[in-house]
Amino acid sequence: MTRGEDALPTVLRPSVSVSSSSSSSSSSSSAVPALASQPAASDAPAARSEAAPAASSAGAAAGARASTETDAAPAGKPHTTGISATSRIVDMPAFEELRKEMEADDGTREVVIKRSRDVLKLSKTAIYCLHRGQTELATSNLAEARTIVEAELFPLADGKAQLRFGGALSGALEEYAEAVIFQGYLRDGRVPSPRSEGLAGVVNRDEYLGGVMDFVGEVTRTAVLAATRRDEEAVARAREAVDDVQLALMGFDFRNGQLRRKYDGIKYSLKKLEQVTYEMSLTKALGQFSMGSRDVPSGDGDRDDAGDGEDAQDESAASAGGRGGRRGG
């Protein structure tokens, strides 16, 4: 090997020397595998250029597959990856039907809750109007509430016990029953029965009983307002109504629940009415006593006149005694 060859880099050295000794040939041949195992510098760009199209084609294929999967997802629904539409273990179409059924029930529930809230507002407004003597407006609100119940809510809740009982619809119907019962009491002086107009076929047993118990609170409120006007007859009538309602409900065995709590509240309303009645009778007695005391001054005047006469007689006697004393002296 010449001095020029020693100056060249290893990769640029010739792999086989043409004129060399046997020792140099053997060393050159042993270096050939080492050189062959290293990639040539001139071949690297070509390898990279060949790998780039392959990577880009693989990425394009993956993007196409992702686009196809995304397009297959329903519009507006999140796409679930990694779950096949078919299964050898689970009946996927059956589960899809259950999912759609649940979504439909959720939509129906939302409508029932919203319209039940409208019935509740109309019933409360009717009670508000009845307290202020606006009977026509109260009747209009109750008619609208009944229309919503019969035309919209009952068809939606038909065959769905979870929507008909114990939910927003049942609470709205209880408020509606309270308004109808209060209206009947103010109009006829009696508590309407569950078979009366406006209640039959609209409210069930528990909703009617809950309405009756809530009606007690409205009657108590009217009695307090009547007491401020000194209307003893209206207070006595309200007290009798609450007493009769409590008597009618005594035979029921209410379990722990909403009806039981409302029933326990009736005794407090009755106690309040008894207190109002007692205070009115006490005020009346004090008023009569005050009216009677106004006649006392005339008697006092007579006694004062008599006292004045006695005082005059005493003064005359005293003066006479004084004169006698002076004569004796």
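Helices, as named in these legends, are DSSP runs of H or I with at least four residues, numbered from the N terminus. The model shown is predicted.

**View 1. Arg 230 in the loop between α8 and α9**. Arg 230 has a phi near 60°, a positive value in a residue other than glycine. Most residues other than glycine have a negative phi. The relative accessible area of Arg 230 is 56%, so this residue is exposed.

**View 2. Salt bridge between Arg 237 and Glu 233**. Both residues belong to helix α9, which covers residues 232-249. They lie 4 residues apart, about one turn of the helix. The closest N and O atoms of the pair are 4.0 Å apart. Glu 233 is exposed at a relative accessible area of 61%, while Arg 237, at 39% relative accessibility, counts as partly exposed.

**View 3. Salt bridge between Glu 150 and Arg 146**. The N to O distance between these side chains is 3.0 Å. Glu 150 and Arg 146 are 4 residues apart in helix α5 (residues 135-157), which means that about one helical turn separates them. Glu 150 counts as partly exposed, with 37% relative accessibility. Arg 146 is also assigned to the partly exposed class, its relative accessibility being 22%.

**View 4. Salt bridge between Arg 255 and Asp 253**. Here the closest N and O atoms are 3.9 Å apart. Arg 255 counts as exposed at 65% relative accessibility, and Asp 253 counts as exposed at 58%. Elsewhere, salt bridges with shared partners join Lys 114, Arg 115, Asp 118 and Glu 152 into one network. The count of salt bridges in the model comes to 18.

**View 5. Helix α4, residues 92-131**. At 1.5 Å a residue, the 40 residues of α4 should span 58 Å, and the end C-alpha atoms are 59 Å apart, in agreement with that value. Buried residues of α4 include Thr 108, Val 112, Ser 116, Asp 118, Val 119 and Leu 122. Ser 123, Ala 126, Ile 127, Cys 129, Leu 130 and His 131 are also buried in this helix. The cover over the buried residues of α4 includes α5, α6 (161-164), α7 and α8 (205-228). Just after α4 comes Gly 133, with a positive phi of about 80°.

**View 6. Nonpolar surface patch containing Phe 95**. Ile 89, Val 90, Phe 95 and Leu 98 make this patch, which has an area of about 440 Å². Phe 95 is found in helix α4.

**View 7. Helix α7, residues 168-188**. This helix has 21 residues. From its first C-alpha to its last, α7 reaches 30 Å, close to the 30 Å expected at 1.5 Å a residue. The helix is mostly covered, with 16 of its 21 residues buried. Among the elements that cover the buried residues of α4, α7 is one. Gly 189 follows α7 and has a positive phi, near 75°.

Notes
Residues numbered from 1 in each chain as written. Predicted model: local features only at pLDDT ≥ 70, side-chain atom pairs only at ≥ 80, totals over all residues. Heavy atoms only, no water. Helix = DSSP H or I, 4+ residues; strand = E, 2+ residues; numbered from the N terminus. Buried < 20%, exposed > 50% of the residue type's maximum accessible area, 1.4 Å probe, protein only. Expected span 1.5 Å × (residues − 1). Patch = residues over 30% accessible without salt bridge, like charges linked within 9 Å, V, L, I, M, F, W, Y side chains within 5 Å. Areas by Shrake-Rupley, 256 points an atom, 1.4 Å probe, with all protein chains shown as cover. Contact = heavy atoms within 4.5 Å.
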